[in-house]
Amino acid sequence: MKSAEGRGRTLDEAVDAALIELGESRRNVDVRVMSESPGETVVEVTVIDHSVAPVIGTAAPANGKAETARSLVEGLLKHMGVRAQVTVRTAADPITIDISGRDLGALIGWRGETLRALQSVTNVMLGKQLAEGERVIVDVERYRQRREHTVREIALRAARQVKMTGDAITLDAMQAFERRAIHLALQDDPDVGSSSIGEEPDRRVVVGPRKPETS
Amino acid sequence: MPGRAAAERIRKAIALVNAVADGAGDEDLTPTEIAEAIRDCLELSEIEQGSNVRKYLGEALDAVSDGMPADFVAMTLYAALGALGESRSGS
């Protein structure tokens, strides 16, 4: 997989530097922050390899559940009259089904609502084939993955600001999977922590200085 | 706009159920809270008696009390939201 290291004063600058070197757009890459200091941020940017995912008819034989989920989603889309390519994302845990094609905005819906509904239907239909607590993720044009990347970047930016000012920052209302991505992004930060306030659907993440543990 | 409050309340119930399914790990939701959110929807007078919206909401409430998986409850609530949209576009 192609990757490049990027350096800059801010996260955005570091990512942009790596993107220029790779000749890629932001939606096609995965970003990992290597180090962060007030003066410099270093990131590793890796191109997401779309070609490794199996195409229709050549799904990963190693995982029967994944193939069942793939053909189920394919069937649902056929009934909906949507022409799209359905593949299983390789090495993804939990099982992730990728849908790609032209003009799939309607399949994502308002704030990902239609996509989320499709995922719920898929999991209900797979029912007993899944172990307890096991779920299948459905993604359209990597919308969910891109959202997770975006909120992770927001989290890191907020964390940097918190470290500089010492003040907590309340982020916009987010869905559960987005809040989860933020909590995971900051869980190993020794100085900054995250918590959530408010009620669904207006629940927001607060990024603030980590309180010293009381013994 | 008629139905707007109903759509907002159904979306709130969906968000609660999805939070359980997605497991953000930042709240501890109980089935009672989800059931309350669905009952809030059913209390709205703009949801007509005998409508599909009310039928699906009732099914979602039953699903919560029967301990059905969160995805099943969510699917039923999405059906209610869809039925609401249909009734609004048809009126």
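Trainee: Is A:Thr170 buried, partly exposed or exposed?

Mentor: This is a predicted model, and A:Thr170 is found in strand E7, residues 169-173 of chain A. A residue counts as buried with 20 or more other C-beta atoms within 10 Å of its own, and as exposed with 12 or fewer. Because A:Thr170 has 14 other C-beta atoms within 10 Å, its class is partly exposed.

Trainee: Which residues does A:Thr170 touch, leaving aside those up to four places away in sequence?

Mentor: A:Arg152 lies 18 residues from A:Thr170 along the chain, and the C-alpha atoms of the two are separated by 15 Å. Once residues up to four places away in sequence are left out, the residues that A:Thr170 touches are A:Arg204 and A:Val206.

Trainee: What is the strand order of the open sheet of 3 strands in chain A?

Mentor: E7(A) and E9(A) pair in the antiparallel sense over 3 bridges, and A:Ile169 has A:Val207 in E9(A) as its bridge partner. The edge strands are E7 and E8 (192-197) of chain A, each of which pairs on one side only, and the twist from one strand to the next averages 25°. With antiparallel pairing, the order in chain A is E7-E9-E8.

Trainee: Which strands of chain A does helix H5 lie across, and at about what angle does it run to E9(A)?

Mentor: H6(A) lies across E8 and E9 of chain A and runs at about 160° to E8(A). Helix H5, residues 143-165 of chain A, lies across E7, E8 and E9 of chain A, and its angle to E9(A) is about 35°.

Trainee: How do the residues of the contact of H6(A) with H1(B) divide into nonpolar, polar and charged?

Mentor: From H6(A), the residues A:Ala176, A:Phe177 and A:Arg180 meet B:Asn18, B:Ala19 and B:Asp22 in H1(B). Divided by class, the residues of this contact are 3 nonpolar, 1 polar and 2 charged.

Trainee: Which element gives the most to the side of chain B that touches chain A?

Mentor: The contact takes 17 residues from chain B and 16 residues from chain A. On the chain B side, H1 and helix H4 (70-90) each supply at least two residues, and that side has 8 nonpolar, 3 polar and 6 charged residues. With 7 residues, the element that gives the most is H1(B).

Trainee: In which sense does E5(A) run relative to strand E6 of chain A?

Mentor: Strand E5 (residues 96-100) of chain A is mostly covered, with 4 of its 5 residues buried. Strand E4 (residues 85-88) of chain A and E5(A) pair in the antiparallel sense over 4 bridges, and A:Val86 has A:Ile99 as its bridge partner in E5(A). For strand E6 (residues 137-140) of chain A, the bridge partner of A:Ile97 is A:Val138; the 4 bridges that join E5(A) to E6(A) belong to strands that run parallel.

Trainee: Through how many residues does a hairpin join E2(A) to E3(A)?

Mentor: Strand E1 (residues 3-8) of chain A and strand E3 (residues 41-47) of chain A pair in the antiparallel sense over 6 bridges, with A:Val45 in E3(A) as the bridge partner of A:Ala4. E2(A) and E3(A) also run antiparallel, joined by 7 bridges, and A:Glu36 has A:Thr41 in E3(A) as its bridge partner. The hairpin from E2(A) to E3(A) passes through 4 residues.

Notes. Residues numbered from 1 in each chain as written. Chains lettered and ligands numbered in written order. Predicted model: local features only at pLDDT ≥ 70, side-chain atom pairs only at ≥ 80, totals over all residues. Contact = placed C-beta atoms within 7 Å. Pairing = 2+ DSSP bridges. Nonpolar A, V, L, I, M, F, W, Y, C, P; charged D, E, K, R; others polar. Axes fitted to C-alpha atoms, helices over the stretch in contact; angles between N-to-C directions.
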